[in-house]
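Let us go through this model by question and answer. Keep the structure open beside the text.

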Amino acid sequence: MIMMTRPGPDPSVAAVDVVRVIVAARPPALGTADLADEFDLSSEAMRRRLHQLDEDGYLFSETVGGGLVWWPTDDGRALLTQA
(Lines give C-alpha, C1' and ligand atoms only; values in the text may rest on other atoms or scores of the structure.)
Protein backbone atom coordinates (compact mmCIF):
# COMPACT_ATOMS: atom_id res chain seq x y z
CA MET A 1 0.00 0.00 0.00
CA ILE A 2 1.42 3.36 -1.03
CA MET A 3 0.74 6.14 1.46
CA MET A 4 0.34 9.61 0.03
CA THR A 5 1.48 12.40 2.27
CA ARG A 6 0.36 15.96 1.99
CA PRO A 7 3.15 18.33 1.16
CA GLY A 8 4.01 20.83 3.85
CA PRO A 9 4.19 24.60 3.51
CA ASP A 10 6.26 25.86 0.61
CA PRO A 11 9.66 26.58 2.20
CA SER A 12 10.64 28.91 -0.64
CA VAL A 13 8.23 31.54 0.66
CA ALA A 14 9.96 33.29 3.56
CA ALA A 15 7.87 34.52 6.48
CA VAL A 16 9.33 38.02 6.18
CA ASP A 17 8.33 38.21 2.50
CA VAL A 18 4.72 37.25 3.27
CA VAL A 19 4.49 39.81 6.10
CA ARG A 20 6.08 42.51 3.89
CA VAL A 21 3.46 41.97 1.15
CA ILE A 22 0.57 42.07 3.63
CA VAL A 23 1.84 45.23 5.35
CA ALA A 24 2.29 46.97 1.99
CA ALA A 25 -1.33 46.26 1.01
CA ARG A 26 -4.01 48.85 1.66
CA PRO A 27 -5.64 48.00 3.99
CA PRO A 28 -2.84 45.84 5.42
CA ALA A 29 -4.69 42.53 5.11
CA LEU A 30 -4.99 40.11 2.20
CA GLY A 31 -6.87 36.96 1.33
CA THR A 32 -5.27 33.63 0.54
CA ALA A 33 -5.94 33.91 -3.22
CA ASP A 34 -4.37 37.39 -3.36
CA LEU A 35 -1.23 36.09 -1.66
CA ALA A 36 -1.12 32.98 -3.87
CA ASP A 37 -1.13 35.25 -6.92
CA GLU A 38 1.60 37.46 -5.44
CA PHE A 39 3.91 34.48 -4.82
CA ASP A 40 2.87 32.52 -7.94
CA LEU A 41 1.70 29.55 -5.87
CA SER A 42 -1.45 27.49 -5.90
CA SER A 43 -4.07 28.59 -3.40
CA GLU A 44 -3.60 25.29 -1.54
CA ALA A 45 0.18 25.72 -1.23
CA MET A 46 -0.27 29.30 -0.03
CA ARG A 47 -2.99 28.25 2.43
CA ARG A 48 -0.62 25.68 3.97
CA ARG A 49 2.16 28.29 4.27
CA LEU A 50 -0.19 30.86 5.83
CA HIS A 51 -1.48 28.38 8.40
CA GLN A 52 2.12 27.50 9.29
CA LEU A 53 2.91 31.21 9.76
CA ASP A 54 -0.20 31.45 11.94
CA GLU A 55 1.04 28.53 14.07
CA ASP A 56 4.47 30.20 14.26
CA GLY A 57 2.83 33.38 15.59
CA TYR A 58 3.60 35.66 12.63
CA LEU A 59 0.08 35.97 11.20
CA PHE A 60 -3.51 35.73 12.31
CA SER A 61 -6.66 35.45 10.27
CA GLU A 62 -10.33 36.21 10.44
CA THR A 63 -13.18 35.10 8.24
CA VAL A 64 -14.51 38.04 6.24
CA GLY A 65 -17.18 37.54 3.60
CA GLY A 66 -16.71 33.78 3.62
CA GLY A 67 -12.94 33.81 3.16
CA LEU A 68 -9.91 34.14 5.40
CA VAL A 69 -8.14 37.48 5.56
CA TRP A 70 -4.60 37.56 6.98
CA TRP A 71 -2.89 40.19 9.16
CA PRO A 72 0.59 40.24 10.67
CA THR A 73 0.92 39.90 14.43
CA ASP A 74 3.35 42.03 16.42
CA ASP A 75 5.91 39.22 16.00
CA GLY A 76 5.23 39.24 12.27
CA ARG A 77 5.85 42.97 12.08
CA ALA A 78 9.05 42.50 14.09
CA LEU A 79 10.34 40.29 11.25
CA LEU A 80 10.42 43.37 9.03
CA THR A 81 12.93 45.09 11.27
CA GLN A 82 15.14 42.00 11.37
CA ALA A 83 15.35 41.55 7.60
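**Salt bridges and a helix pair**

Glu-44 is partly exposed, at a relative accessible area of 35%. The model is a predicted one.

Q: Which residue meets Glu-44 in a salt bridge of 2.5 Å, N to O?
A: A salt bridge needs a side-chain nitrogen of Lys or Arg within 4 Å of a carboxyl oxygen of Asp or Glu. Being three residues apart in helix α3, the two partners are separated by about one helical turn. The side chain that meets Glu-44 at 2.5 Å is that of Arg-47.

Q: Is Arg-47 buried, partly exposed or exposed?
A: Buried means under 20% relative accessible area, and exposed means over 50%. Arg-47 has a relative accessible area of 28%, so this residue is partly exposed.

Q: How far apart are the closest N and O atoms of Arg-48 and Glu-44?
A: Arg-48 and Glu-44 are four residues apart in helix α3, and so about one helical turn separates them. They form a salt bridge, and the closest N and O atoms are apart by 3.5 Å.

Q: Is Arg-48 buried or exposed?
A: The cut-off for buried is under 20% relative accessible area. Arg-48 has 16% relative accessibility, so it counts as buried.

Q: Which residues do salt bridges that share partners join into one network?
A: Glu-44 forms a salt bridge with Arg-48. Glu-44 also meets Arg-47 in a salt bridge. Joined into one network are Glu-44, Arg-47 and Arg-48.

Q: Which residue forms a salt bridge with Arg-20?
A: The two partners sit three residues apart in helix α1 (residues 15-24), about one helical turn. Arg-20 is partly exposed at 40% relative accessibility. The closest N and O atoms are 3.2 Å apart, and the partner is Asp-17.

Q: How many salt bridges does the count come to?
A: One is formed by Arg-20 and Asp-17. Glu-44 pairs with Arg-47, and Arg-48 pairs with Glu-44. The count comes to three.

Q: Is α2 roughly parallel or roughly perpendicular to α3?
A: Helix α2 (residues 32-39) and helix α3 (residues 43-55) pack with their axes 9 Å apart, at an angle of about 105°. Angles of 65 to 115 degrees count as roughly perpendicular. That makes the arrangement of α2 to α3 roughly perpendicular.

Q: How many nonpolar residues has the contact of α2 with α3?
A: Helix α2 contributes Thr-32, Ala-33, Leu-35, Ala-36 and Phe-39, while α3 contributes Ser-43, Met-46, Arg-47 and Leu-50. By class, two residues are polar, one is charged and the nonpolar ones number six.

Methods:
Residues are numbered from 1 along each chain as its sequence is written. This is a predicted model: local features need pLDDT of at least 70, side-chain atom pairs count only at pLDDT 80 or more; totals for chains, interfaces and linings use all residues. Side-chain values use heavy atoms; hydrogens and water are left out. Axes are lines fitted to C-alpha atoms, for helices over the stretch in contact, and angles run from 0 to 180 degrees between N-to-C directions. Helices (H or I, at least four residues) and strands (E, at least two) are DSSP runs, numbered from the N terminus. Angles under 35 degrees count as roughly parallel, over 145 as roughly antiparallel, 65 to 115 as roughly perpendicular and the rest as oblique. Contact means heavy atoms within 4.5 Å. Ala, Val, Leu, Ile, Met, Phe, Trp, Tyr, Cys and Pro count as nonpolar, Asp, Glu, Lys and Arg as charged, and the others, Gly among them, as polar. Buried means under 20% relative accessible area, exposed over 50%, partly exposed in between (1.4 Å probe, protein chains only).
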